[in-house]
Amino acid sequence: ILPWIASTPIVALLISGKRGGLTTLVACSVAMILFYYLYDIGYEFPEEYNLKYKNIFSFTTNIGLVFILYGVAIVFENTKNTALKNLDIKNQQLDQEKQKVEAKQKEILDSINYAKKIQESILPSDKQIKQFLPDTFILYKPKDIVSGDFYWVTKWGDTVLFATVDCTGHGVPGAFMSIMGQNLLNQIVNEYGITQPNLILNMLNKGIAKILNSNTEKAELKDGMDISLCAID
């Protein structure tokens, strides 16, 4: 009887959780204390096994084992189902987050691809290049979707001017710098009529410094571009 009393809280803990296990532990502890108290005050428990109770004891033992095994199986089944349910919930959450990330990525890529079209639209066309410089070709392979490198061609009077430019930064920052450089070069030559490379570069340097709110006399300008500029009369 005592082993059964001792194992009952464990079974209760598995089946009904901490609260049921604790309640059963208290009850079984009280029962065991009562047994030891009765023994201490002289109550005589039978020392020999009474054979007439053999069948009853065997039956209750087997039934008890069946209930214990079934209870443990239920606990493991519930634990497995709970774990699978939690895993399914987490997978659904991850899938939702993945969809959000993919949607945001698509939105960003769509914006960058649109920026690529804008950037390509300001580059000189092949027809324009062949018109000014017939024996030439363009090798233009951006590292990212949009590029920090650009080429530029124009004509003022009898002078053809062309440039290849490498802006600081790659991708979107470089693309901003390239658009800025294109606009400044077009303004210096096509609006002001300046065709001397040294003067163009000086005005380009001042224009970039002004746009970026930098003072080239007091601080070194870290954002800019490396440019090769040629003028052919």
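How many helices and strands does the protein chain have? Here are a few notes on this predicted model, starting with that count.

1. The protein chain has five helices and three strands.

2. Now for the overall form. The radius of gyration of the protein chain is 43 Å, whereas the globule rule gives 17 Å for 233 residues; the value is well over the rule, so the chain is more spread out than a compact globule. Along the principal axes, the C-alpha atoms fill a box of roughly 130 × 40 × 20 Å.

3. If you take the contacts between residues at least 6 apart in sequence, 61% of them join residues at least 24 apart.

4. A helix pair to look at on your screen is H1 (residues 2-40) with H2 (residues 54-122): their axes come within 9 Å and cross at roughly 25°. Angles under 35 degrees count as roughly parallel, and H1 and H2 are therefore roughly parallel to each other. Their crossing is left-handed.

5. Which residues make this contact? From H1 come Trp-4, Val-11, Leu-14 and Ile-15. H2 brings Thr-61, Gly-64, Leu-65, Ile-68, Gly-71, Val-72 and Val-75. Sorted by class, the contact of H1 with H2 has eight nonpolar and three polar residues, with no charged ones.

Notes: Residues are numbered from 1 along each chain as its sequence is written. This is a predicted model: local features need pLDDT of at least 70, side-chain atom pairs count only at pLDDT 80 or more; totals for chains, interfaces and linings use all residues. Side-chain values use heavy atoms; hydrogens and water are left out. Axes are lines fitted to C-alpha atoms, for helices over the stretch in contact, and angles run from 0 to 180 degrees between N-to-C directions. Helices (H or I, at least four residues) and strands (E, at least two) are DSSP runs, numbered from the N terminus. Angles under 35 degrees count as roughly parallel, over 145 as roughly antiparallel, 65 to 115 as roughly perpendicular and the rest as oblique. A crossing is left-handed if the near helix is turned anticlockwise from the far one by less than a right angle, and right-handed if clockwise. Contact means heavy atoms within 4.5 Å. Ala, Val, Leu, Ile, Met, Phe, Trp, Tyr, Cys and Pro count as nonpolar, Asp, Glu, Lys and Arg as charged, and the others, Gly among them, as polar. The radius of gyration is taken over C-alpha atoms; the globule rule is 2.2 Å times the number of residues to the power 0.38.
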